[in-house]
Amino acid sequence: MQRLEIGGYFAAWYALNVVYNIINKKVLNVLPAPLIVGSIQFGIGALYCALVWIFKFRPFPKLTAGGTKAVASVGAYHMLGQLSTMISLQAGPVSFSHIVKAVEPFFSAIVSGFYFNSWMKPQVYATLIPVVGGVGYACLKELNFSWLAFGAAMASNLFFALRAVLSKSALQSGKATGTNLTAPNMFGLVTVTAFLLSIPVALIREGSGFSALWLAAMEQVESKSQFVRAIFISGLFHYLNNEVMYMALGSVHPVTLAVGNTMKRVFILVASVLVFRNPISMQAGIGSAVGISGVLLYSLTKQYYESLESKDPPSKKGRPTKGRGRR
């Protein structure tokens with residue numbers, strides 16, 4: 001039942017994220033102000049959280065001093081990661097951004113290893129290679145290199161890896177961080193923090209020219225109300241897909257989440273092909289198959305070595321035994 005629940009989280013996360021990416025790219029094509037659009041999306045998510053707490057659909061979380069510090073750190077990384085992603089999507093094609101962001105599992109594996117001081121077997125890390133390579137190969141046909149898109153996507157990989165690891169640590173801390181700090185409430189507080197931090201960043205960078213960009217966007221769209229509705233929907237779906245992602249994070253390792261995040265990019269690629277009427281190449285199909293196979297291999301390898309460690313008595317761990325050599 002737990003695996004079915006986690007699978008449901010991943011399915012909902014993928015579906016919501018695909019819709020968000022399509023709507024978000026259409027908005028950015030008309031309104032090239034990624035920082036302000038990203039800040040508005042944070043604000044829509046923060047409004048949603050406030051309404052959920054005001055109407056008591058969820059109990060309001062209460063933080064300790066340590067919890068407040070943890071939420072502030074995670075909120076900063078969430079803000080930096082999302083705005084970096086928005087810059088990358090604005091600077092280059094969607095496919096190129098997702099090629100670069102496919103290496104997020106490597107960042108997550110390294111960050112979680114150092115932070116938790118817990119490293120998996122080299123064989124487990126090796127299974128991440130076909131995951132990243134397969135997704136990258138699937139997206140390679142539309143490659144259009146941009147240093148800004150590349151740098152922003154790489155930065156978002158690091159920020160999101162830090163976000164996932166620190167979030168996992170806070171969720172596992174129990175009452176040390178506060179009460180009612182469930183995964184949805186955690187992301188709600190993170191979203192509010194990210195919104196407040198993003199306002200000065202967006203205004204300083206894009207505030208002076210935003211009015212001209214907005215007027216130009218209004219001249220391009222057929223319906224102003226539909227465009228405003230698209231911005232609102234993009235913000236709502238951005239929040240909901242990340243909330244579901246946090247619910248999944250509460251049950252899986254950060255590296256597992258990063259692998260799922262990599263596979264999500266295959267679905268985004270396929271959806272963008274269907275929406276924007278681009279032909280599906282044999283290369284995209286092969287890359288997707290390799291990536292999916294890599295995810296299966298990662299899961300099986302990780303479970304195998306975890307089962308071996310669970311069978312090894314604690315008293316024998318760390319002590320060499322007769323006849324056993326290093327592997």
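Accessible areas here come from the Shrake-Rupley method with a 1.4 Å probe, and for residues only the protein chains shown count as cover. This is a predicted model, so local features need pLDDT of at least 70 and side-chain atom pairs count only at pLDDT 80 or more, while totals for chains, interfaces and linings use all residues. Residues are numbered from 1 along each chain as its sequence is written, and side-chain values use heavy atoms, with hydrogens and water left out.

**Figure 1. The whole protein, to get your bearings.** The protein exposes about 16,500 Å², and carbon and sulfur atoms supply 66% of that area. There are 13 helices and two strands; these are DSSP runs numbered from the N terminus, with helices (H or I) of at least four residues and strands (E) of at least two. Of the 327 residues, 48% are buried, where buried means under 20% relative accessible area, exposed means over 50%, and partly exposed is in between (1.4 Å probe, protein chains only). A contact means heavy atoms within 4.5 Å. Among contacts between residues at least 6 apart in sequence, 88% join residues at least 24 apart.

**Figure 2. Inside the largest nonpolar core.** A nonpolar core is a set of buried Ala, Val, Leu, Ile, Met, Phe, Trp, Tyr and Cys residues joined through side-chain atoms within 4.5 Å. The largest one has 24 residues, and Phe10, Trp13, Val74, Met186, Val190 and Tyr246 have the most contacts inside it. Two or more residues come from each of H1 (2-30), H2, H3 (65-91), H8 (147-172), H9 (183-206) and H11. H1 gives the largest share, six residues. Zoom in on Met186: leaving aside residues up to four places away in sequence, its partners are Val71, Val74, Ser167, Ala170, Leu171, Leu181 and Tyr246. A second, separate core of 23 residues includes Val30, Met79, Met218 and Ile231.

**Figure 3. A salt bridge between Arg58 and Glu243.** A salt bridge is a side-chain nitrogen of Lys or Arg within 4 Å of a carboxyl oxygen of Asp or Glu. That rule gives a count of one. In the pair Arg58 and Glu243, the closest N and O atoms are 2.8 Å apart. The two ends come from distant parts of the chain, 185 residues apart: Arg58 sits in the loop between H2 and strand S1 (62-63), and Glu243 in helix H11 (residues 224-249). Glu243 counts as buried because its relative accessibility is 5%, whereas Arg58, at 23%, is partly exposed.

Figure 4. Leu47, Leu51, Ile54, Phe55 and Phe57 make a nonpolar surface patch of about 580 Å². Patches are made of residues with over 30% relative accessible area and no salt bridge; like charges are joined within 9 Å, and nonpolar side chains (Val, Leu, Ile, Met, Phe, Trp, Tyr) within 5 Å. Leu47 lies in helix H2 (residues 34-54) and is partly exposed, at 48%. Lys56 belongs to the loop between H2 and S1. Its phi is positive, near 60°, though it isn't a glycine, and at 71% relative accessibility Lys56 counts as exposed.

**Figure 5. Helix H5 and what follows.** Next comes Asn117, with a positive phi near 55°.
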